[in-house]
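Here's a quick tour for anyone meeting this structure for the first time.

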Amino acid sequence: MNWDDLRHLASFAEEGSLLGAARRLGVEHATVARRIESLEAALNLKLVDRRGRRLSLTAEGERIATIARRMSGEADGIPRIVDTSLSSVHGEVTISVPPAFGAAVVAPHVARLTAEHPQLTIRLMGEARQASLNRREADIAIRLSRPVEGDLMIVKLMEISFRAYASLDYLANHPRDRWQFIGSDGETGRSPQQAELQRLAGDQRFSAWTGEVLMQLALAKNGGGIAMLPDFLKPEDNRLVPAFPEHPPLMREAWLVVHNDLRRSPAVRAVIDHLKKTLQPRPQGTPPT
C-alpha cells in the first residue's frame, strides 16, 4: 500500500470528483484515477463504484477514505513541527574543547548563552584528543590546529599566545644554567608549545612531565621549574613571569569545527554564533557586546 495512493483517495473523497481531486493535488485527473486503481489492486478491494455517470465511493472506500483523510491531516502537521524546530533553540549541543581553554575561555561564555536560551543544554567535554565529528562524538569541536579534511565548516576563533613562565622566586634563586623545565606529555607531548619549550631548554633537564596545563601552572607556581603556558590562564595572577622575556611568544590559532550536516541546526547555530561573537577579535573601535 502506497501513501501517495491513499492521499489521492482522500482528495477524491474530499472533492467528490476526479477533476476536483486533480485540481487540489495539482495533477491530471487520469493520475488520480490511476492512483486509486493502484490502491484497489494493492488492497484487492473495490473502493470506487464506477457505475453510472458519477463516481462514488463504496462502503469500504468510505471507511478507508476516512482513515486516509485523518492520516493526511496528521501529515500536514509535519511542516509545522519543522517550522517550530527551525525557529527555536532547544536540545543538547556537545562541545569538545581542550580542558584548560574550555575552563578559562569557553565555559564563561557558554554560561551566558544558556541563560539566554533556557531550553538549550551544553555538554562540555574537556579533552586533549580530537573528537570525531563524523561519529557524532561531539557536535562542535574547538581545536588548536586547523583540520585539513572532512565535510566540515571551519571558523577561526582567535589566536592564543604561549610563553615560558616561572615564579619570581625560582628565577631569583636559580642561575640560568641550572634551570629545570616542566614538559608536556600524552596528547600534548607533540604540540608546538612543547617543541618550543624543548628548543628553549636545549640540553637542560626536564624535572616534571604532565599533559595537564593546569598542573603545569601549579608546578611552576610552586617553584617546580619553567613551563610553557598560555596567556589566557593569566599566569601573572599566580606570580609567574616570562622566563625568556627577550623571545616573542609562540602563537597558535583556535578553530571552531562543525560537520556541515549540523551547521543549520538552530541549537548548533546559536552556539556557533555566540562563540564567534564573544571570542573573535572585534574591529578596532567596536564596543564590547
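When this report says that residues meet, it means contact, that is, heavy atoms within 4.5 Å. One thing to keep in mind is that this is a predicted model.

Let's start with a pair of helices. Two packed helices are described by the angle between their axes and the distance between the axes. Here are the values for two such pairs:

| Helix pair | Axes come within | Crossing angle | Handedness |
|---|---|---|---|
| α1 (residues 3-15) and α3 (residues 29-43) | 8 Å | roughly 120 degrees | left-handed |
| α5 (99-116) and α9 (residues 266-279) | 10 Å | roughly 125 degrees | right-handed |

Take α1 and α3. Their axes cross at roughly 120 degrees, which makes α1 oblique to α3. On the α1 side, the residues that touch are Asp4, Asp5, Leu6, His8, Leu9 and Phe12, and they meet Thr31, Val32, Arg35, Ile36, Ser38 and Leu39 of α3. Sorted by class, that contact holds 6 nonpolar, 3 polar and 3 charged residues.

Now for α5 and α9. With axes crossing at roughly 125 degrees, these two helices are oblique to each other as well. From α5 come Val105, Val106, His109, Arg112, Leu113 and Glu116, while α9 brings Ala270, Val271, His274, Leu275, Thr278 and Leu279. The class count for α5 with α9 is 7 nonpolar, 3 polar and 2 charged.

On to the spaces. How much space lies in the largest pocket? The answer is about 530 Å³. Its lining is made of 30 residues, and Pro98, Ala128, Leu144, Thr188 and Arg252 are the ones nearest the centre of the pocket. Helix α5 turns up again here: the elements giving two or more residues to this lining are β3 (91-97), α5, β5 (140-143), α7 (192-201) and α8 (213-221).

Which residues line the largest cavity? They are Phe162, Ser184, Thr188, Gln193, Gly211, Val213, Gln216, Met228 and Pro230. By class, the cavity lining has 4 nonpolar and 5 polar residues, with no charged ones.

One residue to look for is Thr188, which lies among those nearest the centre of the largest pocket and also lines the largest cavity.

Conventions. Residues numbered from 1 in each chain as written. Predicted model: local features only at pLDDT ≥ 70, side-chain atom pairs only at ≥ 80, totals over all residues. Heavy atoms only, no water. 1 Å grid on protein atoms, 1.4 Å probe; cavity = no way out; pocket = protein on both sides within 12 Å on 5 of 7 lines; lining within 4 Å. Points joined across faces, edges and corners; volume = space filled by probe spheres on them. Helix = DSSP H or I, 4+ residues; strand = E, 2+ residues; numbered from the N terminus. Axes fitted to C-alpha atoms, helices over the stretch in contact; angles between N-to-C directions. Parallel < 35°, antiparallel > 145°, perpendicular 65-115°, else oblique. Left-handed = near helix turned anticlockwise from the far one by under 90°. Nonpolar A, V, L, I, M, F, W, Y, C, P; charged D, E, K, R; others polar.
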